[in-house]
Amino acid sequence: MPHDAAPRAPLAYGGDYNPEQWPEEVWHEDIALMREAGVNLVSLGIFSWAKLEPRPGEYDFGWLDRIIGMLHEAGIRVALATPTVVPPAWFYRAHPEALPVSREGVRWEFGSRGAICHSSPAYREAAVRITRALGERYGRHPAVALWHVHNEYGVPVLECYCETSAEHFRSWLAERHGTLERLNDAWGTAFWGQVYGAWAEIRPPRATPTTCNPAQRLDFARFAGDAALENFRRERDLLHHLSPGVPVTTNFMVSPTQCDTIDYWKWAREVDIVTNDHYLVAEDERNHINLSMAADLTRSVGGGRPWLLLEHSTSAVNWQPRGIAKLPGEMARNSLAHVARGSEGAMFFQWRASRKGAEKFHSAMVPHAGTDSRIWREVTALGRGLAALGEIRSTRTVADLAMVWDWESWWAQKLEWRPSDELDARERAESWYAALFDRHLTVDFAHPEADLSGYPLVVVPALYLTTAAAGRNLRGYAEQGGTLVVSCFSGIVDEHDAVHPGPHPGALREALGVTVEEFQPLRAGQTVTLDGGAGRPRLTGSVWAETVVTRGAETVWSYADGPAAGGPAVTRHRLGRGTAWYVSARLDVPALDAVLAAAGADAGLPPRGELPRDVEVVLRAGEHGRYLFVLNHTGTEAEVGLPAPGTELLTGHRTAGRLAVPGSAVRVVRLDD
Ligand code: GLA
């Protein structure tokens, strides 16, 4: 179908709108400004429970009726929230037991937000009541385009260690393990005499004098997510019933830098559309890499389907040590980087900067400086830009390879008493991702048990916990012709944090054709050198090395010094029709690049092109056409060769051969195909 044959909905543009913080006169100005900026979707009511239900069972919908009506008249759609992240003060007065308890036994207080024990029956009941009231009143309102349930499950607190949670945990465990005997076996309770003789003896893994049972902690992390998921499902099912045809979501925070408690592989299956919130790590000068990683992960948890960026910031946030403002052009670049990687729009926290409360120094679409400001000018320009890109909707981002990521493995590795506190799964994933980003490769993330057969290369940056099924899957992938690259300290334990039988890495030994005789964590500041022989660069590693024995694999780089000197460091194993690489050291990004060059040759990946560093090129494609996004994160003009002539959508210019992209700018070319 030609690109202009079907009328297409615009990309979403807008943000969290909190009209309850403002007198109604301001609402009129808000709507006029939203129209000026091209806003077409706002998230409403996220924190409005106390205003909507001022006393138990007594509702005040008048103000919400009015603002939804005004927005509707202005052609602005509403992502209507259930405000269940902020139960009102009256609720906690009646149910202080619904406040969550920390691992140390501190009961968190009312006065901020998100203080919820997800196992609390009183909370559940109150949340269902307000959700039902909203669904009944607005479920068929023509302005309501999306339901936004709760807000960011998982932050600021997910786990609750109270007695009600303990009871809930026990029933969850009974379902998971079936019998006490099996639980004792899975948790390895023979160690330190922790054997349970009755279910009632089992508690949440509260603060203990020394390290708590790691399998118990891992199960509790799983349980805590499931307890919240039960609450999400309850609200979602009610809304599906009361508001047929309107999609239901909850905003994720997939970036491992922002939320580490939710298994989004699991949650993505539960929402009608994946939505995500992302905030830059302002201090990081190349924070666009973390952004791309988060966007790729968001797209991937949803199986590649288009998703929606529900929150990011126009400039500084208020909750990092330094509220570093965005540079001119950065906001649009951030927004369009998310779009390039699959988002169907760009939304912000928040529409108008607050005057009061904890977030008053957070940037907004309408800043304290008002409309005579750079932010506002950029906000209106972005609105025009997104309007020009409407035709890309429903196309999909095209990836070059896959990276395996698993929240459960990360949780397990982070527990205490691992061989090195410094070897961090998140850091490994970020470093491998950065090396791939610098090679201008687009990454899909994949669950370790997912079908990987479509990818020429699969990178496993950190998979300490590898189930037997995942081990088989990764091996099968390589045997069938894939190129597998596994990084250190992967394949070590099973889903109960029990070491796989036999030498490490138990779950991946056969695939990799090596065994690891001993881990060799390095001293603080110590480095190791890897020698690859003639024609290969010497590489540097830190933090971690291993004594590796090849058992079918060939040595590609060996340790030139350090505790494993003379032994294999990077190996390559041919199996079936493919190869499996093992990287036993914690390498820096330039060293990872060298490994990728070598493994990439096995995978048939194109060699590094001539694209400058920090010029990001991403393709979205669909039956309507192919769209090449070029994001120039440098301050100087960059030239990019185009695979075909096309039309640049933000400027409307025809372009062929080479495209010049000014410093800090973005170009989106619809390729003539
Ligand atoms: C989160 C929340 C928002 C707001 C922003 C601030 O993403 O969902 O309500 O607090 O952070 O950056």
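Visitor: Which domains does the domain assignment give for the protein chain?

Guide: The model is a predicted one. Domain 3 covers 615-671 and domain 2 covers 401-603. Domain 1 is written in two segments, 12-179 + 228-394. The assignment therefore gives domain 1, domain 2 and domain 3.

Visitor: How many residues does the contact take from domain 1 and from domain 3?

Guide: The centres of domain 1 and domain 3, taken over C-alpha atoms, are separated by 32 Å. Counting a residue when heavy atoms lie within 4.5 Å, the contact takes 16 residues from domain 3 and 20 residues from domain 1.

Visitor: Which residues in domain 1 lose the most area to domain 3?

Guide: Between them, domain 1 and domain 3 bury about 1,600 Å². Carbon and sulfur atoms carry 61% of that area. On the side of domain 1, three residues together make up 39% of what is buried there, and they are Arg333, Ala340 and Glu391.

Visitor: What is the count of salt bridges between domain 1 and domain 3?

Guide: Glu616 forms a salt bridge with Arg341, and the closest N and O atoms are 2.8 Å apart. This pair qualifies because the cut-off for such a nitrogen and carboxyl oxygen is 4 Å. For domain 1 and domain 3, the count is three salt bridges.

Visitor: Which element gives the most residues to the side of domain 1 that touches domain 3?

Guide: Across this interface, 10 residue pairs are in polar contact. Elements giving two or more residues to the domain 1 side are helix H10 (287-301), helix H11 (330-340), strand S9 (343-348) and helix H12 (374-388). With five residues, the element that gives the most is H11.

Visitor: Which strands are the edge strands of the open sheet of nine strands?

Guide: The order of the sheet is S5-S4-S3-S2-S1-S9-S8-S7-S6, with parallel pairing. Within this order, S1 (residues 12-17) and S2 (residues 41-44) are joined by four bridges, and Gly15 has Val42 as its bridge partner in S2. The strands that pair on one side only are S5 (248-249) and S6 (251-252).

Visitor: Where is Gln350 found?

Guide: The peptide bond from Phe349 to Gln350 is cis, with omega near -5°. Gln350 is found in the loop between S9 and H12.

Visitor: In which loop does Pro505 lie?

Guide: A cis peptide bond, with omega about -15°, joins His504 and Pro505. Asp497, a residue other than glycine, has a positive phi near 65° and is found in the loop between S14 and H16. Pro505 lies in the loop between strand S14 (483-487) and helix H16 (509-512).

Notes
Residues are numbered from 1 along each chain as its sequence is written. This is a predicted model: local features need pLDDT of at least 70, side-chain atom pairs count only at pLDDT 80 or more; totals for chains, interfaces and linings use all residues. Side-chain values use heavy atoms; hydrogens and water are left out. Buried area is the accessible area (1.4 Å probe) that two parts lose on being put together, summed over both. A salt bridge is a side-chain nitrogen of Lys or Arg within 4 Å of a carboxyl oxygen of Asp or Glu. A polar contact is a pair of N or O atoms within 3.5 Å; within protein, one must be able to donate a hydrogen and the other to accept it, and residues adjacent in sequence count only if both atoms are side-chain atoms. Two strands pair if DSSP finds at least two bridges between them.
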